[in-house]
Amino acid sequence: MACASAAGVEATALLLPRARLAAASPVAAGHRLSLTPRRTRQRTSLRTAAQRPQKSTTGADPLNGANNVQREEAAVSTDKERQKKYDDGDGISNLQLEDLVGMIQNTEKNILLLNQARLQALEHADKILKEKEALQRKITILETRLSETDAQLKLSAEGNFDTEINDSPLVLEFDVLKEENMLLKEDIEFLKTKLIEVAETEESILKLEKERALLDASLRELESRFIAAQADTLKLGPRKYDTWWDKVEKLEDLLENTANQVEHAAMILDHNHDLQDKLDKLQASLRAATISKFSCDLVDLLQQKVKSVEERFQACNHEMHSQIELYEHSIVEFHETLSKLIEESEKRSLENFTGNMPSELWSRISLLIDGWLLEKKISYNDANMLREMAWKRDSRLREAYLSCRGTENGEVMDKFIKMALPGTSSGLHIAHIAAEMAPVAKVGGLADVISGLAKALQKKGHLVEIILPKYDCMQLDQVNNLKALDVLLQSYFEGSMFNNKIWTGTVEGLPVYFIEPQHPSKFFWRAQYYGEHDDFKRFSYFSRAALELLYQSGKKVDIIHCHDWQTAFVAPLYWDVYANLGFNSARICFTCHNFEYQGTAPARDLAWCGLDVEHLDRPDRMRDNSHGRINVVKGAIVYSNIVTTVSPTYALEVRSEGGRGLQDTLKVHSRKFLGILNGIDTDTWNPSTDRYLKVQYNANDLQGKAANKAALRKQLNLASAYPSQPLVGCITRLVPQKGVHLIRHAIYKTAELGGQFVLLGSSPVPHIQKEFEGIADHFQNNNNIRLILKYDDALSHCIYAASDMFIVPSIFEPCGLTQMIAMRYGSVPIVRKTGGLNDSVFDFDDETIPIEVRNGFTFVKADEQGLSSAMERAFNCYTRKPEVWKQLVQKDMMIDFSWDTSASQYEDIYQRAAARARAAA
Ligand code: ADP
């Protein structure tokens with residue numbers, strides 16, 4: 001098309017680089033113009049225009065008009081100069097003439113060529129015009145069709161198609177378009193959902209990465225703990241077996257933790273697999289989307305996103321795998337180290353022990369022997385001989401036991417029996433039958449006494465066992481190696497025999513039996529220790545079953561020690577029932593921890609446990625001194641060989657008023673009755689090792705005590721602006737015996753004196769509990785007083801450590817342990833002079849007693865004035881003489897309240913009773 005080519009030339013000329021312009025121009029390309037100096041200005045212009053492309057190579061703009069004018073002017077001036085030169089010459093030569101003719105001819109040719117070009121250009125212009133017209137027509141047609149289509153679309157949109165229009169190709173086209181539009185919409189929706197999914201996947205990956213980071217951190221922690229544990233194990237060599245055992249247990253815990261971490265990592269991996277599935281599905285949908293050919297860009301974008309998500313996922317997965325490998329590796333290493341450790345330690349314990357075996361192990365051995373006997377696997381004789389060996393801590397028994405660790409029990413038994421030898425011992429075999437024992441079953445001081453005294457006796461070389469009911473609410477996590485014997489013990493109750501499951505385990509290194517009656521009344525499945533309507537029945541059942549256990553195990557026990565009314569049945573049962581069966585080697589010791597609780601019931605109830613009512617319901621036996629019921633504590637006083645109470649002062653007190661009706665009985669039996677002051681378990685109550693404390697401390701470093709005070713204040717939300725503001729503590733059962741009205745007074749008095757008060761206690765008496773709840777509410781917004789009305793062992797430790805003074809304003813107090821514990825923790829006691837308080841606290845200002853023993857503040861009368869005055873003296877000393885106070889605190893902390901002395905007294909009376917028994921045999 002001419003028009004197209006002409007337009008095309010210009011377009012090409014404009015588009016091409018300027019250097020190529022000359023070649024592209026049809027004029028310049030085919031025809032070289034000659035110079036014609038004497039031509040019209042028009043011609044010169046034409047030539048100049050024709051030369052423009054060539055000049056463009058010099059860099060000047062060929063289209064620049066100003067430059068053209070300059071150049072034309074230059075050309076004219078050159079012609080003029082030449083003219084001048086010629087005119088100034090001698091006329092025209094032949095040669096010059098020839099030149100001139102040639103030039104003229106050339107010019108003529110050029111003119112011809114130019115003419116041809118002009119004609120061609122005219123033709124082209126003609127064609128262009130025609131084509132333009134044709135196009136214009138087409139556009140007009142298209143515009144008309146477009147407006148028609150628009151109208152049809154409008155109609156169709158309004159749903160007013162007529163059949164004619166419906167059939168038209170445009171409508172069909174429209175339908176197709178509509179359909180495509182719909183598809184497109186759907187596809188876009190689909191893509192949107194996919195985009196959301198991708199975003200979610202991204203989120204999961206981020207979560208995963210976070211989890212991995214956490215896992216990483218815990219792995220590092222585990223590694224460092226592992227290294228620390230390894231370092232510890234290296235130091236194990238010279239240590240005691242107990243420490244070694246602790247370490248092994250710690251390692252085992254660590255191992256368990258590691259295993260948990262691996263499990264967690266595996267879970268994350270599973271999650272990863274789910275994620276992988278999701279990604280696969282996403283990709284498949286995207287492929288489908290590509291096939292349904294919608295926006296390529298969108299699909300590309302999505303695919304890129306998925307790819308990046310997938311890459312991150314792969315990276316995450318990879319790291320997770322390598323972490324798990326690492327874990328697995330460390331677990332294997334762990335196992336190897338542990339086995340080596342166990343092996344080495346066992347070797348060492350066999351090689352190096354010189355009779356310094358921990359009580360825990362001897363207790364386990366003696367429980368093992370008893371178990372075999374009860375399971376009828378060994379004879380009485382063998383059991384007795386082996387017990388004797390265990391009791392004497394015979395090294396052969398220990399070696400045999402250790403060499404068989406991890407093997408079947410039968411193997412240990414064979415080895416033991418082979419070495420069973422008869423022997424003698426100066427030690428005693430003592431069995432405590434009790435309703436409480438710390439820390440497995442603690443309500444009050446009785447629990448502390450059982451474990452404290454038993455431990456002290458065990459340390460002195462006696463074989464000590466404890467028999468307890470198996471309560472559902474007891475702290476079984478405090479029992480080591482708890483297991484049920486493969487035998488049911490039968491015991492008598494209410495005319496029938498009942499099975500009892502016997503559990504064994506060690507508590508604080510002591511061998512303990514737990515009796516679980518299979519009685520329909522579920523005696524010890526009551527979610528509490530005491531306070532049931534059938535307590536008399538429950539504990540008479542237990543007393544009988546406990547004796548049955550001792551009897552059936554064929555033990556030659558020297559002392560059966562029963563405590564309080566709950567196990568007081570043991571004394572008459574032993575002498576009236578079991579002694580008749582030949583089980584009579586033992587002597588009975590009964591300790592009454594509190595004469596307030598005596599266990600009375602209608603006489604006939606005694607028959608439940610097999611006691612002879614007629615025989616016992618007599619004033620000199622078990623009938624209560626003031627009413628017609630029977631009294632179990634009275635029965636124990638009458639039937640025991642030794643009767644004790646828990647402090648010398650209380651022993652005196654109960655011989656009069658304090659005896660609660662039993663004073664006459666005690667007088668009759670006074671030869672076998674004495675008071676021995678309780679001790680405290682100095683392992684449990686030790687501020688320098690107490691794991692409940694924020695900071696451990698001792699008498700020489702009271703900084704730790706201050707830190708515990710600050711911690712408790714923070715914990716209980718008490719004011720802490722003045723570190724030296726005195727803190728008064730009180731931990732008690734809230735019963736009338738403890739002087740509840742005086743405790744209440746002490747709270748208000750402390751507030752008046754500018755101190756802080758913390759009470760930890762609970763009451764079995766509803767109106768007292770309610771009263772104290774009222775006081776607690778009253779002070780709830782006071783930042784100097786806090787009442788915590790519950791039982792909380794851990795908190796009790798913190799209060800002892802944090803307090804500066806400790807209140808025990810009891811009306812009567814058989815012994816009282818809290819004042820002793822308080823002193824051990826550097827809290828100065830303020831107590832009423834009664835019972836064991838009188839035997840353990842000596843007034844700081846009382847000049848009639850030696851200064852060295854003065855350790856607290858006391859008052860005599862159970863009234864508010866007495867207490868107020870003692871508190872004022874204590875506060876005075878604390879605030880005005882801080883140095884004196886500090887010395888008092890240090891002195892209190894160093895007093896020996898251990899069971900050592902008291903256990904020696906028990907040992908002494910046991911020995912004498914046992915000697916009498918041997919003499920009588
Ligand atoms: P009792 O035996 O008459 O209750 P003791 O002074 O002989 O009194 O012994 C009380 C024992 O019980 C102490 O060990 C004391 O710390 C603990 N105790 C008392 N009340 C609570 C309580 N609410 N929370 C924790 N321990 C308590």
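1. The shell around the ligand draws at least two residues from each of helix H15 (445–459), strand E12 (727–733), strand E13 (756–762), helix H25 (793–802) and helix H26 (818–824). Helices (H or I, at least four residues) and strands (E, at least two) are DSSP runs, numbered from the N terminus.

2. The model is predicted: local features need pLDDT of at least 70 and side-chain atom pairs count only at pLDDT 80 or more, while totals for chains, interfaces and linings use all residues. Residues are numbered from 1 along each chain as its sequence is written, and side-chain values use heavy atoms, with hydrogens and water left out.

3. By class, the shell holds seven nonpolar, seven polar and seven charged residues. Here Ala, Val, Leu, Ile, Met, Phe, Trp, Tyr, Cys and Pro count as nonpolar, Asp, Glu, Lys and Arg as charged, and the others, Gly among them, as polar. Of the 21 residues around the ligand, those that come nearest are Lys442, Gly445, Arg733, Lys738 and Tyr800; a residue is near if one of its heavy atoms lies within 4 Å of the molecule or strand concerned.

4. A polar backbone atom of Gly445 is 2.6 Å from a ligand oxygen, and an N or O atom in the side chain of Arg733 is 2.7 Å from one. For Leu817, a backbone N or O atom lies 2.9 Å from a ligand oxygen. On its own the ligand has 560 Å² of accessible area, of which the protein covers 93%; such areas come from the Shrake-Rupley method with a 1.4 Å probe, and for residues only the protein chains shown count as cover.

Key:
Polar contact = N/O pair within 3.5 Å; in protein donor to acceptor, adjacent residues only side chain to side chain.
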